Structure formats: structure tokens, C-alpha cells
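Here are my notes on this one, in the order I'd go through it. Have the viewer open as you read.

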Amino acid sequence: MKQSNNPLKYRYHVFRGKLVQPFFWALCFLSPVLDIFRVDMVQQHLVFLGKPLPFTFEHLKWLPIGFYGAVILIGIISFIWGRLFCGWACPHNTLTEWTRPLRAMVGLAPKPRWMKLILRERPSFRFLFMALSPLMAIGLTFALSLLLSFYIVAPQWVIQQYASGHPHIALIFGHGLFVLIGLFLLFVGNDFCRTCCPYGLAQSISAYHEDSPWRPLEIQFHGNKTEKTESCKTCTACQTVCPVDIDPRDTGALKVGQFDGCFNCGECIDACKYIHSFKSQAGLLSFKNPGFKEKKPKNQTTRPVP
Ligand code: SF4
Ligand code: SF4
């Protein structure tokens, strides 16, 4: 296997995520602004694809049908592809990735290169970053709380309320509560996905027996499992890039039924493939779905990496 000059070859999952995630994020947060779907509790009508529909059983019945339809669809996706929804589409996870610099500013995440360079030139900026991070986080979570409130009240009404200087108490309470929850989620980061996300927990509870052929998609390590340090020498690239800080070589930690938090983003596969491309070898990680046809990387060997 020769090293390719095409960066997409080694960053496929990363680029795919970067393209798909903004689409689902925009669908979730911009639907009411673009009148794709919202409920107007003040005027008492639904808006669907720009059309106002009155509050009648005929139209309201689509609310629970749509909700349960989405739950069933996500359930089917989870059954086959595990937590793929989290890695590809979950707006919370997307925001968590986008807001990593805010956590890095207060030492809750590794600092990106640009931040390290700034701090090397001006170490006193550390205090500026620590002050800016919560201020930016409050601004961001308030803006998101506004966007989400447009699902139940018209954007114009909300803006008029704040412009009047005497916003409705329900708005202040609702937005204040969301900002508090949003700040918690923002600074907890992916630890939330791994430990207390209700969707992740539900999937864990409903997981199948380890020996069952009907297990969802998971990561497979092709190196020496008992001597993984020998297979990988001093490399820890896959664990370093993992957004939820899992060691994908530790297949024991990735058993379905144990709440490992892996959401099949595939970034560890990209990292391993890239590192091995310098040795003209295939990576040691791939996706595996025991319930379906197993996919192995081309030219895969299980010999230790020299
Ligand atoms: S183990 Fe790999 S696929 Fe799973 S979350 Fe981490 S980087 Fe993504
Ligand atoms: S990236 Fe590949 S070689 Fe490096 S530690 Fe992970 S599995 Fe081993």
C-alpha cells in the first residue's frame, strides 16, 4: 500500500463529519427561523414548510406521530450502526466539538496549536482567556436558547419582548434555565456523552448479549490484543484523537452493553491509517459489525508493527 497524496484518504471520517454535522446542526437550530417547522403558542398555530396550520386534531396528530417516528428511526439506526447518530448528527456533540477552544481556555481540554502559540508569545493572555471563556459561553448559550425558544413562540414576538425592555417572565425563566443547562453541557463536554446522555444510556441498557450476532457497528483492533503496546510501540494517536477519550485498541472497553461512549466517528481509524501510511502499511483499526459482513482493511495483517 503506497502513501497517497490525497489528504481525504487519511481524513475521510473527519471530513465526512465536518460536512454532515453542520447540516444536522442547522436543521435543528434553524428550522423555526426558516419556518420549516415551529409551533406558535401565542398565535395558536403550527408552521410547517412556511404554511400556518391551525391547532386542530387533524394537524396536531402529526406532532406525536413525527416524534415517535423519529425515535423509531434513531432506534433502528442504533440497532445497526450503534451510536452513529452521536458521531454524525447529534447537535450536542457537534457543538461540543466546535466549542473545544472555550474549554481549552480554562484548562478543561487540550489547547489547540494557535492557542499554545499565543500563550508562548504572551503568557499573561492566560488570564484573558480565562475571563473570556465564560463570557463567550454565556453569549453562545443565550443565543442558542433564543433559537430553541422559536420552536414554541414566533421569533418576532421574542425579539419584541426583549426590545420592549420588559420581557415576559416565562421568557426570562426559560432562557435563564437553558443558559444554566447549556453552560453545564458546554464545560462538561464529551464526558456528558460518555456518562449521562439519556440516549447513550438507553442504548447501553438495551444492548444485546456480547456473543449475540446482532451487535451494532463497533471498532476492531487488528494488532496484538494481549501485547498492544508491542503492536503500537509508543504510539497513542488513536486515543489522542478520540473525542470521548477511549482507547479503541481496548476491545474489552468497546463491548456493547458496557457504556463505553464510542460513537463510531471513525477518527481513530483515520489516525491509525495515516500513521501506517508512512510505513506503507494498512492501519490496525477498522469498523466491524459482528451482525453483518465484517469489513477488513485491504492488505491487513495482524503482525506487530515494526
Ligand atoms: S473510539 Fe474511535 S470511533 Fe469511537 S469515539 Fe473514539 S475516535 Fe470515535
Ligand atoms: S493509532 Fe494505530 S498504531 Fe497508534 S496506538 Fe492506535 S492502533 Fe496503535
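1. Ligand 2 first. Its shell holds 15 residues, and Cys232, Cys235, Ala237, Cys238 and Cys272 come nearest; a residue is near a molecule or strand when its C-beta atom, placed from the backbone, lies within 6 Å of it. Helices H14 (228–232), H15 (237–241) and H16 (267–277) each put at least two residues into that shell, and H16 gives the most, with 3 residues. Helices (H or I, at least four residues) and strands (E, at least two) are DSSP runs numbered from the N terminus. By class, the shell around ligand 2 has 10 nonpolar, 4 polar and 1 charged. For the classes, Ala, Val, Leu, Ile, Met, Phe, Trp, Tyr, Cys and Pro count as nonpolar, Asp, Glu, Lys and Arg as charged, and the others, Gly among them, as polar.

2. Before going further, some bookkeeping. This is a predicted model, where local features need pLDDT of at least 70 and side-chain atom pairs count only at pLDDT 80 or more, while totals for chains, interfaces and linings use all residues. Residues are numbered from 1 along each chain as its sequence is written, with chains lettered from A and ligands numbered from 1 in the order in which they are written.

3. Now ligand 1. Of the 14 residues around it, Cys242, Pro248, Cys262, Cys265 and Cys268 come nearest. This shell splits into 11 nonpolar, 2 polar and 1 charged residues.

4. Buried here means 20 or more other C-beta atoms within 10 Å of the residue's own, exposed means 12 or fewer, and partly exposed is in between, with C-beta atoms placed from the backbone. The buried set in H16 is Glu267, Cys268, Ile269, Asp270, Ala271, Cys272, Lys273 and His276.

5. What does the largest nonpolar core look like, and which members touch the most others? It has 21 residues, and Cys238, Val244, Phe263, Cys268, Cys272 and Leu285 touch the most other members. Helix H5 (84–88), strand E4 (218–221) and H16 each supply at least two residues of this core, with H16 giving the most, 4 residues. Domain 1 (7–200) and domain 2 (214–288) both contribute residues, so the core lies between them. By definition, such a core is a set of buried Ala, Val, Leu, Ile, Met, Phe, Trp, Tyr and Cys residues joined through C-beta atoms within 7 Å, and the domain bounds come from an automatic or database domain assignment.

6. Leaving aside neighbours within four places in sequence, Cys268 is in contact with Ile219, Cys238, Val241, Cys242, Pro248 and Leu285. Contact means C-beta atoms, placed from the backbone, within 7 Å.

7. Asn264, in the loop between H15 and H16, has phi near 55°, a positive value in a residue other than glycine. Ser280, in the loop between H16 and strand E5 (285–288), also has a positive phi near 55°. Are these two buried or exposed? Asn264 counts as buried, with 21 C-beta neighbours inside 10 Å, whereas Ser280 is exposed, with 10 other C-beta atoms within that distance.

8. Val39 has Leu46 in E2 as its bridge partner. There are 4 residues between the strands, and Gln44 in the turn has a positive phi of about 55°.

9. His175 sits in helix H11 (169–188) and is buried, with 21 other C-beta atoms within 10 Å. Not counting residues up to four places away in sequence, His175 touches Phe142, Ser145, Leu146 and Ser149. Leu217, in the loop between helix H13 (198–205) and E4, counts as buried with 22 C-beta neighbours inside 10 Å. Leu217 and Arg83 are 134 residues apart in sequence, yet their C-alpha atoms are 8.3 Å apart.

10. Overall numbers to finish. The protein chain has 16 helices and 5 strands, and 25% of its 306 residues count as buried.

Technical notes:
Two residues are in contact if their C-beta atoms, placed from the backbone, lie within 7 Å. Two strands pair if DSSP finds at least two bridges between them.
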